[in-house]
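Please examine the sequence and the model shown here. The paragraphs that follow lead from the overall fold to individual helix contacts and then to selected residues.

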Amino acid sequence: MAQLFCAYTLLRQKNKVVWRECSSVFLFFAIGASISLISQIYQVSGSLDGFLLTWVLPALPLIYLLSSSTVTLLCLAGMTWYACLLGYERLGAIPFMYLVVLLLLMPHYYKLLTTRSSSHSFYLLNWFLAISVTICLGSFTKGTSSWYEWVFLLYCLLFCIYYFIGRLEYFREKGVAANPFLFIGMMGILVILLMWSFDFLWEDFDTLSKPGDLFNDPLPYLIMIALVAVVGLAWKNAKQQNGKPDDPTGFSFALFLVLIVAMGKHHALAIIAINAWVFIIALHFIRRGSREDHLGILNFGLVVMAALAVCRFFDETIPFIWRGIFFVITGIGFFIANYLMLQKRKKIIIQAK
């Protein structure tokens, strides 16, 4: 029945999006139901990740035969589940087929980018893609726990890549809903920096295994690839800004790399450096919001500073009085910054009259 609907759509309703999407989704789930039915009838054994892969691969042609964006999202969701099952539950297994399917989806992504870049389906695909890669990246590290700081570095590189992609000329002027790379990149960078602003993650640096063992893992090679990608994107961003990049956020990977390589045993200095870097990021957004007369950007910078204040408030290595003072100063800063911005706007309106 599902194939008949798809055939009718191709022959009679090819230009109607509703027919294309509905018939392709019907066939997508019919494929999964058929595989399950055959497996039950003939007692075919297998694993859940194998079932998901066997389901997604026959469904991929639907994306191109019927130009279905919904099936693209379903295939991406299925392969994300597949990568999690294979990479996180079976330690040591690497979900290479996830990368293969991503490559097979790229022609459709490029088609949407060039022909329907302002459509909701393209925005949704960007969100799915950014979240999927974020979830699945750790599945390629073979469950390495001895070098957890390098896994954090890999994720920091990924979020910086996202951030630079979100600041490219195409995405720069779009809102948050249409720019998942900027939003996820920013949030990811801040979460990693704030986590490493505490002492507990630095404590195991002296008990790490031999560094040479690290190269038996895919992790260092992924880091090298990510470093090349982030440097290329940083150069492209600088070129688009006439060689004057003024945003320090995307360069957080460089600070983090230097700290874990050169200052792993100097916990106090590393923590001070990270706190100072987060403070600089907050000041950048406060200054930018004031310069552009944008309350949203200004308050985001203040939120970053408030998040830093909250983290330090629960940091037992700092005396309680100093924690309280910093927390109160941050709250006062919120009111003063917004008050000055509103007064500035009111003054401009009065002068215009």
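Which pattern does the protein follow when read along the sequence? The pattern is α-α-α-α-α-α-α-α-α-α-α-α-α-α. In this predicted model, the secondary structure amounts to 14 helices and zero strands. The protein has 353 residues, of which 46% are buried. When contacts between residues at least 6 apart in sequence are considered, 71% of them join residues at least 24 apart.

As a general background, nonpolar side chains in soluble globular proteins tend to be buried together.

Helix H7, which spans residues 148–166, packs against helix H10, which spans residues 219–240. Their axes lie 9 Å apart, and the packing angle is about 25°. Angles under 35 degrees count as roughly parallel, and H7 and H10 are therefore roughly parallel to each other. The crossing of these two helices is left-handed. On the H7 side, the contact is made by Trp150, Val151, Leu153, Leu154, Leu157, Cys160, Ile161, Phe164 and Ile165.

A second pair is formed by H6 and helix H9, the latter covering residues 180–195. The axes of H6 and H9 come within 9 Å and cross at roughly 30°. H6 and H9 are therefore also described as roughly parallel to each other. In this contact, Asn126, Trp127, Ala130, Ile131 and Thr134 of H6 meet Pro180, Phe181, Phe183 and Ile184 of H9. The residues of the contact of H6 with H9 divide into seven nonpolar, two polar and no charged.

What is the angle at which the axes of H2 and H3 cross? The axes of H2 and H3 cross at roughly 150° and come within 10 Å. H2 passes H3 in a right-handed crossing. From H2, the contact draws on Ser24, Leu27, Phe28, Phe29, Ile31, Gly32, Ile35 and Ser36. From H3, it draws on Phe51, Thr54, Trp55, Pro58, Ala59 and Leu62. The contact of H2 with H3 has ten nonpolar, four polar and no charged residues.

Gln43 lies in the loop between helix H2 (17–41) and helix H3 (48–65). Phi of Gln43 is near 55°, a positive value in a residue other than glycine. Is Gln43 buried or exposed? Gln43 has a relative accessible area of 65% and is exposed. Ser67 is found in the loop between H3 and helix H4 (69–89). Although Ser67 is not a glycine, it has a positive phi of about 50°. Ser67 has a relative accessibility of 17% and counts as buried, because buried means under 20% relative accessible area.

Glu21 lies in helix H2 and, at 13% relative accessibility, counts as buried. Which residues does Glu21 contact, leaving aside its neighbours within four places in sequence? Glu21 is in contact with Ser67, Ser68, Ser69 and Thr70. Glu21 and Ser69 are 48 residues apart along the chain, whereas their C-alpha atoms are separated by 7.4 Å.

Ser118 lies in the loop between helix H5 (96–115) and helix H6 (120–136). With a relative accessible area of 56%, Ser118 is exposed. Ser118 and Lys174 are 56 residues apart in sequence, and the distance between them, C-alpha to C-alpha, is 9.9 Å.

Technical notes:
Residues numbered from 1 in each chain as written. Predicted model: local features only at pLDDT ≥ 70, side-chain atom pairs only at ≥ 80, totals over all residues. Heavy atoms only, no water. Axes fitted to C-alpha atoms, helices over the stretch in contact; angles between N-to-C directions. Helix = DSSP H or I, 4+ residues; strand = E, 2+ residues; numbered from the N terminus. Parallel < 35°, antiparallel > 145°, perpendicular 65-115°, else oblique. Left-handed = near helix turned anticlockwise from the far one by under 90°. Contact = heavy atoms within 4.5 Å. Buried < 20%, exposed > 50% of the residue type's maximum accessible area, 1.4 Å probe, protein only. Nonpolar A, V, L, I, M, F, W, Y, C, P; charged D, E, K, R; others polar.
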